[in-house]
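Here is a short report on one protein model. Read it with the sequence and the 3D view side by side.

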Amino acid sequence: MHKMIHSDKQKLSRGFDKLMLAVNIPSLTAAAALSIIYLLILRRTGVPDDFFRLYITCFFVTCAYSFTVSVIVAVIANLRLAGHKKYTYIEILGEQMVISRYVRSSAGEKGLTVYRRLWVMDLGDVEEVTCTRSRVIIKGKARYFEAPANWLDYSCTENGRAEFDYHWYDEYGGEEVTKASFPDSFFYAERVAQRIIFCSEKQKRREIRRKEFRQRMLEIAAQRRARKKPKERVFRGYEIERKF
């Protein structure tokens, strides 16, 4: 029942394109205003040299601002897209589900450190999955982590559970929460929600069968213990305890 659901790069890119447009609105407005001034005033009438130099300075400042902001946003966007591509996903392991979300990258003495959020949830504990306009909400008991990405590396056990490389996190790490809520960065989130619900129901049915099987085994063991109880028999006037 293993399933890896990666983030949609195109959906993330559209978000950064909107950010690029938003930060360039001031420069675009200024460029439009300068163009109008040139067409209506400078081109038709003579103006002092000082005013013309001021106009040229404003024009170059506007272009420099737009170029600088575009470069900065492009670098940040590429860095965050790379982080989301690697650390934003939903992984269904078997008995558990891991939701990973890239948070940020920060530069330090040891280089670039990547941070991410992690929710570890038993599939049997999933109660509801809803998709709003921009978020995915999965209700159910979970463990929540936020730490450097390499601290939260894990592997999948044979039982379909997450086992952290730092084993301390298996027993003591994380914070207990009642839901996992994160921005929608997946292609067709409704289908992702349906997949999670399907795997959750399948796991719940499996747990019910396990409980029924365990109960039958306990009943069989109790019956065998009852058969093996010592019985008393009388032989030639003596009471002898005989065990079978």
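## A residue in strand β3

I99 lies in strand β3; strands (E, at least two residues) and helices (H or I, at least four residues) are DSSP runs, numbered from the N terminus. This is a predicted model, in which local features need pLDDT of at least 70, side-chain atom pairs count only at pLDDT 80 or more, and totals for chains, interfaces and linings use all residues. Residues are numbered from 1 along each chain as its sequence is written, and side-chain values use heavy atoms, with hydrogens and water left out.

Is I99 buried or exposed? I99 counts as buried, because its relative accessibility is 1%. Buried means under 20% relative accessible area, exposed means over 50%, and partly exposed is in between (1.4 Å probe, protein chains only).

Which residues does I99 touch, leaving aside those up to four places away in sequence? They are Y89, I90, R117, L118, W119, I138, A180 and F182. Contact here means heavy atoms within 4.5 Å. M121 is 22 residues from I99 in sequence, and the two C-alpha atoms are 8.3 Å apart.

## The chain as a whole

The protein chain has 4 helices and 10 strands. Along the sequence they follow the pattern β-α-α-β-β-β-β-β-β-α-β-α-β-β.

The protein chain has 244 residues, and 30% of them count as buried. Its accessible surface is about 16900 Å², with 56% belonging to carbon and sulfur atoms. Accessible areas come from the Shrake-Rupley method with a 1.4 Å probe; for residues, only the protein chains shown count as cover. Take the contacts with a separation of 6 or more: 64% of them are between residues 24 or more positions apart.

## The sheet

Six strands make an open sheet with antiparallel pairing, in the order β1-β2-β3-β4-β5-β8. Two strands pair if DSSP finds at least two bridges between them. β1 (3-6) and β8 (175-183) are the edge strands, each pairing on one side only. On average, neighbouring strands are turned by 35° against each other, direction ignored. Axes are lines fitted to C-alpha atoms, for helices over the stretch in contact, and angles run from 0 to 180 degrees between N-to-C directions.

Start at β1. It is joined to the antiparallel strand β2 (residues 89-92) by 4 bridges, and M4 stands opposite E91 in β2. Helix α4 (residues 189-227) packs on the sheet. This helix touches β1, β2, β3 (96-108), β4 (111-131) and β5 (135-148), and its direction makes about 60° with that of β4.

Next come two hairpins. β3 and β4 run antiparallel, with 12 bridges between them, and their hairpin passes through 2 residues. In this pair, S100 faces L118 of β4. β4 and β5 also run antiparallel, joined by 12 bridges, and 3 residues lie between them in their hairpin. Here R117 has E146 in β5 as its bridge partner.

## Salt bridges

How many salt bridges does the structure hold? It holds 8. A salt bridge is a side-chain nitrogen of Lys or Arg within 4 Å of a carboxyl oxygen of Asp or Glu.

One of them pairs R161 with E95, with the closest N and O atoms 3.2 Å apart. R161 lies in the loop between β6 (154-156) and β7 (162-164) and E95 in the loop between β2 and β3, so the pair ties together parts 66 residues apart in sequence. R161 is partly exposed at 30% relative accessibility, whereas E95 is buried at 12%.

E95 also forms a salt bridge with R210, at 3.0 Å from N to O. This pair links the loop between β2 and β3 to helix α4, 115 residues apart. R210 is partly exposed, with a relative accessible area of 38%.

Another salt bridge joins R116 and D153, at 3.4 Å from N to O. R116 lies in strand β4 and D153 in the loop between β5 and β6, so parts 37 residues apart in sequence are tied together. R116 is buried at 2% relative accessibility, while D153 is partly exposed at 29%. Through shared partners, salt bridges join E95, D122, R161 and R210 into one network.

## A nonpolar surface patch

L21, I25 and L28 form a nonpolar patch on the surface, with about 290 Å² of accessible area together. Patches are made of residues with over 30% relative accessible area and no salt bridge: like charges are joined within 9 Å, nonpolar side chains (Val, Leu, Ile, Met, Phe, Trp, Tyr) within 5 Å. L21 sits in helix α1 (residues 9-42). L21 counts as exposed because its relative accessible area is 52%.
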